[in-house]
Amino acid sequence: MAEQNIYILGIESSCDDTAASVIHNGRILSNIIANQNIHEEYGGVVPELASRAHQQNIVPVVAQALKKAHINKEQLHAIAFTRGPGLMGSLLVGTSFAKSLAYGLDIPLIDVNHMQGHILAHFIDEDGFNKPPFPFLAMTISGGHTQIVRVDNHFDMTVIGETIDDAVGEAFDKSGKILGLGYPAGPEIDKRAKLGNPKAFKFTKPKVDGLNFSFSGLKTAILYFIQNETKANPNFIEENLNDVCASIQYTIIGILIDKLKLASKQTGIKHIAIGGGVSANSGIRQALKDGEQKFGWTTYVPKFEFTTDNAAMIAIVGYLKYLEGDFAEQNIAASARLKI
């Protein structure tokens with residue numbers, strides 16, 4: 001079956017980006033994303049606005065994905081879609097569309113766990129990118145999730161550590177809001193961190209047992225720090241913004257690397273893969289690369305366009321499930337809190 005010409009359409013609509021991708025035998029032919037800029041003025045994603053935008057975007061995005069792949073819908077072998085986790089209203093748009101299209105074309109329907117998609121994005125055939133060998137540790141870091149997952153094969157995954165409160169993306173965004181930066185704040189903090197001193201200000205790392213994470217306390221510490229400093233000097237943020245951003249990013253990276261070191265020590269696994277939107281952060285990527293020399297790791301970072309929410313990662317999971325004949329029924333429902 002792997003030698004056949006298999007075309008899978010992947011659809012992603014878990015949050016605020018509507019995306020569609022066509023994969024052919026493991027290689028991506030198209031990966032189209034429609035972003036929703038309307039949420040910037042609210043400082044975060046508004047679920048109702050997100051689902052309405054998905055309804056407007058999904059047909060043209062799918063049409064563009066098929067056009068760029070130079071195929072028509074009758075050539076598709078299956079439709080893969082994000083079942084969860086995510087915003088329920090957003091998931092329903094993608095789920096309903098995928099079910100209808102698969103039914104109309106009389107081809108298999110494949111449900112995909114969004115978090116598995118971030119991990120299995122590493123298995124897209126892409127020149128210059130190596131695929132991690134099993135077993136490996138995957139650290140998935142995004143606006144809504146922070147997890148360390150032991151991966152023994154494509155569909156044998158065990159979450160061994162996760163956040164007990166805020167996700168790492170929220171830590172960046174909430175810190176940015178305190179500093180008066182726009183949304184999302186992560187890219188801006190990353191950009192300014194390159195110009196600042198990461199040890200200018202010290203923030204205490206939360207003490208959390210085992211492999212779990214906590215970022216809520218760090219956010220509160222940053223809030224109190226900024227309030228105290230601006231009380232003494234109203235121009236503190238303006239005069240020290242790059243150093244503050246560098247110090248915040250340094251602390252967050254330290255928390256992530258400490259947990260990865262512990263996970264690697266406990267499992268004996270030295271192959272480390274990252275995914276999720278926050279893995280685009282240059283400081284995190286560099287810290288992982290440095291870990292190869294310091295800790296003997298081999299690290300794997302997917303192509304930049306496959307790190308944020310995208311449909312290529314949904315398509316690769318769909319392709320791998322197709323090879324196993326793992327199909328969904330038409331009565332399958334979206335699940336906002338779907339677990340790995």
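A pocket is defined on a 1 Å grid over the protein atoms alone as an open set of points with protein on both sides within 12 Å along at least five of seven lines, whereas a cavity is a set where a 1.4 Å probe fits but cannot get out; lining residues have an atom within 4 Å of a point. Grid points are joined across faces, edges and corners, and a volume is the space filled by probe spheres set on the points.

## Basis of the model

The model is predicted: local features need pLDDT of at least 70 and side-chain atom pairs count only at pLDDT 80 or more, while totals for chains, interfaces and linings use all residues. Residues are numbered from 1 along each chain as its sequence is written, and side-chain values use heavy atoms, with hydrogens and water left out.

## Second largest pocket

The volume of the second largest pocket is about 590 Å³. Its lining comprises 28 residues, of which P198, Y250, T251, I253 and G254 are the closest to the centre. Two or more lining residues come from each of helix 5 (186-193), helix 7 (236-267) and helix 8 (282-295); helices (H or I, at least four residues) and strands (E, at least two) are DSSP runs, numbered from the N terminus.

Helix 7 contributes the most to this lining, with 9 residues. By class, the lining of the second largest pocket has 10 nonpolar, 9 polar and 9 charged residues. In this scheme Ala, Val, Leu, Ile, Met, Phe, Trp, Tyr, Cys and Pro count as nonpolar, Asp, Glu, Lys and Arg as charged, and the others, Gly among them, as polar.

## Cavity

The structure holds 1 cavity of 30 Å³ or more. The largest cavity contains about 80 Å³ of space. Its lining is formed by A121, H122, I124, E126, F129, N130, K131, V301, P302, K303 and F306, which divide into 6 nonpolar, 2 polar and 3 charged residues.

## Helix packing

Helix 7 and helix 8 pack at an angle of about 40°, their axes lying 10 Å apart. Axes are lines fitted to C-alpha atoms, for helices over the stretch in contact, and angles run from 0 to 180 degrees between N-to-C directions. Helix 7 and helix 8 are therefore oblique to each other; angles under 35 degrees count as roughly parallel, over 145 as roughly antiparallel, 65 to 115 as roughly perpendicular and the rest as oblique. Q249, I253, L256, I257, L260 and K261 of helix 7 make contact (heavy atoms within 4.5 Å) with G283, I284, A287, L288 and F295 of helix 8. This contact has 8 nonpolar, 2 polar and 1 charged residues.

Helix 4 (residues 168-178) and helix 6 (residues 216-232) pack at about 15°, with axes 10 Å apart. That angle makes helix 4 roughly parallel to helix 6. In their contact, K174, S175 and I178 of helix 4 meet K219, I222, L223 and I226 of helix 6, giving 4 nonpolar, 1 polar and 2 charged residues.

## Backbone geometry

Two cis peptide bonds may be noted, from G84 to P85 with omega near -10° and from Y183 to P184 with omega near -5°. P85 is in the loop between strand 4 (78-84) and helix 2 (88-105), and P184 is in the loop between helix 4 and helix 5.

Positive phi in a residue other than glycine occurs at N25, near 50°, and at D106, about 55°. N25 is placed in the loop between strand 2 (18-24) and strand 3 (27-34), while D106 lies in the loop between helix 2 and strand 5 (109-113).
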